Amino acid sequence: MRLLLIEDEIALSDALVFMLKKKGYMVDAAYDGISGQEMADTDSYDLLIVDRMLPYKEGVSIIKDLRMKGIKTPVLILTAKDSIKDRVEGLDAGADDYLLKPFSAEELLARVRALSRRQSDIIEGESIRAGKAVLRPLHKEVKAGKETIRLTLKETQLLELLLRNRKQVITREQIINRVWGFDSEVEINIVEIYIHNLRKKLPPEHCGFTIETVRGIGYCIKEGEHV
């Protein structure tokens with residue numbers, strides 16, 4: 001499970017990242033609202049943990065923007081604001097849960113587990129349609145007509161990232177950060193290898209879409225009858 005933590009208190013952020021990784025989660029961290037929003041916009045996380053008070057962009061504003069874009073990733077708000085009005089505002093913006101500071105590690109983990117179970121129930125029946133094909137991320141496969149095309153885990157994650165963001169170009173750096181992790185030492189050419197493998201497995205005449213190279217930038221999905 002992949003988490004994004006947006007928290008500007010660096011010492012707290014580092015402690016939470018360490019704890020969550022120790023429990024087996026993959027965790028990326030952002031320390032201000034703008035960079036956190038940019039990372040969350042890729043819609044490649046299973047859960048967002050968002051501090052209410054952030055530099056540059058406040059947590060509730062981030063959540064509102066995500067929901068307006070149709071991004072349904074569960075959000076847990078961390079905050080020192082404990083008034084009913086503040087809680088209602090966060091939940092009305094689209095947050096799924098609220099955790100008041102200071103909090104115990106056990107309570108945070110319990111909230112994360114609860115939201116994880118809820119998200120798993122949603123994702124289990126979820127599929128992503130593109131062209132004439134359907135990606136089923138949970139099963140790591142693409143259905144194209146009567147054909148079932150099996151994918152590896154990384155191929156699935158890469159294709160899902162491209163399909164969920166099909167209206168924009170995804171850079172090679174973004175792919176490495178989202179699929180392999182910000183602290184990964186993977187070389188940039190690994191992305192080209194995985195793109196090559198996906199193109200071989202997903203012929204456009206069967207799937208109705210192609211993975212286009214945008215020279216010097218990255219990749220995007222092109223759909224249509226004449227791809």
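The points below take up a helix, a helix pair and a single residue in turn.

1. This is a predicted model, in which local features need pLDDT of at least 70 and side-chain atom pairs count only at pLDDT 80 or more, while totals for chains, interfaces and linings use all residues. Residues are numbered from 1 along each chain as its sequence is written, and side-chain values use heavy atoms, with hydrogens and water left out.

2. Helix α1 covers residues 10-22 (helices are DSSP runs of H or I with at least four residues, numbered from the N terminus). Its buried residues are Ser13, Leu16, Val17, Met19 and Leu20, and they lie on the same side of α1 because they cover an arc of only 165° around the axis (the arc is that of the directions from the helix axis to the C-beta atoms). Ala11, Phe18 and Lys22, on the other side of α1, are exposed; buried means under 20% relative accessible area and exposed over 50%, with partly exposed in between, for a 1.4 Å probe and protein chains only.

3. Gln37, which lies in helix α2 (residues 33-40), counts as buried because its relative accessibility is 6%. Leaving aside neighbours within four places in sequence, Gln37 is in contact (heavy atoms within 4.5 Å) with Lys57, Ser61, Ile62, Asp65, Leu66 and Lys69.

4. Just after α1, Gly24 takes a positive phi of about 100°, a point to look at when the backbone is inspected.

Conventions: Helix = DSSP H or I, 4+ residues; strand = E, 2+ residues; numbered from the N terminus. Expected span 1.5 Å × (residues − 1).
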